[in-house]
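Please keep the sequence and the model in view while reading.

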Amino acid sequence: MNESSSTPTESPMQGTSEPGHGDSRNPTQFDAAGDASLLDLWIILWRRKWWIVGLTSLFIALSIPYAYMQVEWYRANVLLAPSEKKSTSGITGQLGGLAALAGVTVGGDNAESLAILQSREFAAAFIEEQNLLTVLYADKWDPQSRSWITVEPDMRDAVEYFNKNVTSVNKDSTSGLVTLMVQWTDPQLAAAWADLLVRQLNEHLRQRALVEAESNVAYLQSELSKTNVMTLQQSIGRLLEAELQKVMLARGNEEFAFRVIDKAQVPKKRFKPNRTLIVVLAAFLGGMLSVLIVFASHAVRTARDRVTR
């Protein structure tokens, strides 16, 4: 037989690649095991680069008007220091020696004052006193007819919104200073509310201390008139003078709980939105999404080609 006839014929699928062409498979297709080199991935992305750029640009273009459509919020800060407890021993020259013995102090407890500042009851009183329902829910209020467009908002919802979105309190554990932050869409209102909140808190605690002290004075005076025992009269007298000092000091101390170190200033720069961050995040999401779509579509196309072979 002819020697050439005994040589097996090679199938085109089994032949080696021509010189200079490398692997016979398409460099943009995964191998049989589904693996791909970094070069393969780069080629896939490079061939669809304009599609990736287009989708990313679309995300950026949509994010710009979105960022400018967001309502601008401003933040006003008030720096506070807990009021120092004042002892009547400092005014003994004017009020007599029993004041020093009584050791009368004025000023609320700092933790209690902070708790009241963040309480629902205090927020409700502030909203009602300043008539803020129509401001917090301006989209539901008709100023011309001075009536609600829909059902009047519930005060509990307003309080929750106010404490969660408008006010926040931060206490420095090292210095003990307290920062009250008020955020709103109107910078002037934000600064005004911050100062008013501090003023109303001090007034609330001062009035409560006055009511308590005056009630104690009335009770002690009643008990003093009922007894003839000298030692008991002296004890009641000391307690009575202590309560009278509390009344006097509370009436003369407007900054009862907190002293204002730095009043709120009308903010010039917005607190949010961060428009640059919105655009950057949109570009990142658009780029990541486009890359995932490219890889997913390539994987689907490669799997379909394998099935049709």
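Rings of Phe, Tyr and Trp (its six-membered ring) count as a pair if their centres lie within 6.5 Å; planes under 30 degrees apart are called stacked, over 60 edge-to-face, and the rest tilted. By this criterion, a search of the whole structure finds seven aromatic pairs. One of them joins Phe-126 and Phe-162, a tilted pair with 5.9 Å from centre to centre and 40 degrees between the planes. This pair links distant parts of the chain, 36 residues apart: Phe-126 lies in helix H6 (residues 120-129) and Phe-162 in helix H8 (residues 155-166). Helices are DSSP runs (H or I, at least four residues) numbered from the N terminus.

Trp-184 and Trp-193 also form a tilted pair, because their ring centres are 5.4 Å apart and their planes stand at 45 degrees. Together, Trp-73, Phe-126, Phe-162, Trp-184 and Trp-193 make up one aromatic cluster.

The table gives the accessibility of residues in these two pairs. Buried means under 20% relative accessible area, exposed over 50%, and partly exposed in between (1.4 Å probe, protein chains only).

| Residue | Relative accessibility | Class |
|---|---|---|
| Phe-126 | 0% | buried |
| Phe-162 | 2% | buried |
| Trp-184 | 7% | buried |
| Trp-193 | 3% | buried |

The model is predicted: local features need pLDDT of at least 70, side-chain atom pairs count only at pLDDT 80 or more, and totals for chains, interfaces and linings use all residues. Residues are numbered from 1 along each chain as its sequence is written, and side-chain values use heavy atoms, with hydrogens and water left out.

Definitions and conventions. Helices (H or I, at least four residues) and strands (E, at least two) are DSSP runs, numbered from the N terminus.
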